[in-house]
Amino acid sequence: MKSSPEDSLIELDQVTRDFGQVKVLKGISFTIRKGEYLAVTGPSGSGKSTLMNQMGLLDMPTSGHIKVKGQIIDQLSDAQVAALRSRTIGFVFQAFHLIDSRTALENVELGMLYKGLPRSERKERAIAALERVGLAHRMSAYPTTLSGGEQQRVAVARAVASDIDLLLADEPTGNLDSATTSKIMELFDQLHATGLTIALITHDLRLAKHALRNIEIADGQIVRDENHTARKEAQC
């Protein structure tokens with residue numbers, strides 16, 4: 001089935017990013033469509049982190065254009081970009097970035113603090129998000145009493161609590177053992193099955209196999225863009 005323009009979530013069009021004389025991204029173009037599950041892979045120094053910052057609107061390109069839900073980013077003010085990022089994208093990183101003095105529930109609530117939601121709605125959404133990631137029984141626990149996998153689940157709950165369009169995960173299992181990594185990837189699979197768009201940035205090809213589309217970059221350029229959706233549907 002062909003995708004319509006309305007399916008487009010994030011578009012990168014000939015995006016470059018220079019740092020001084022160093023050209024890190026060299027004309028990257030691709031589109032993330034609603035409901036996709038993609039992995040961006042590549043060796044250390046390939047430009048994955050720089051690309052993640054572009055996809056997440058954390059940094060602006062040197063040249064080229066980025067569109068989010070049809071809006072050209074370089075036509076927006078910094079405040080408008082920040083607001084669009086907050087509404088559209090949730091982030092999960094290798095480090096959990098939880099506040100030790102706050103409970104799991106409070107950590108998730110704090111992720112919505114600047115979205116203009118009333119406190120009652122923030123709490124309601126936080127509870128629903130923690131239930132969604134299987135931590136209904138650990139809402140009152142503090143991060144120091146949680147396992148690494150549980151802490152990352154709290155981080156995922158914080159990211160998805162705001163009804164985002166895209167979950168952008170940067171090496172989300174880098175601090176976890178293999179068994180816990182498997183559980184976190186199962187959680188991502190479950191979230192994608194509910195319709196959430198997921199973009200995974202990783203050097204680990206085992207994690208990339210969970211995605212239905214793999215984009216590989218090397219030396220700041222796309223060298224492979226493969227969609228495995230049809231193959232996986234045939235296996236079901």
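Start by selecting Ala157, which sits in helix α5 (helices are DSSP runs of H or I, at least four residues; strands are runs of E, at least two; both are numbered from the N terminus). This is a predicted model, where local features need pLDDT of at least 70 and side-chain atom pairs 80 or more, while totals for chains, interfaces and linings use all residues. Residues count from 1 along each chain as its sequence is written, and side-chain values use heavy atoms, with hydrogens and water left out.

Is Ala157 buried or exposed? Buried, at a relative accessible area of 0% (buried is under 20%, exposed over 50%, partly exposed in between, with a 1.4 Å probe and protein chains only). Show its contacts (heavy atoms within 4.5 Å): beyond neighbours within four places in sequence, you get Val108, Ala129, Leu130 and Val133.

Next, bring up the largest nonpolar core, 39 residues (buried Ala, Val, Leu, Ile, Met, Phe, Trp, Tyr and Cys joined through side-chain atoms within 4.5 Å). Val108, Leu130 and Leu191 are among those with the most contacts inside it. Elements that each supply at least two residues include α5 (148-160) and α6 (178-193). Another core lies apart from it, with 27 residues, including Ile66 and Ile201.

Last stop: helix α2 (residues 78-88), where Val81, Leu84 and Thr88 are buried. They cover an arc of only 65 degrees around the axis, so they share one side of α2 (the arc uses directions from the helix axis to the C-beta atoms).
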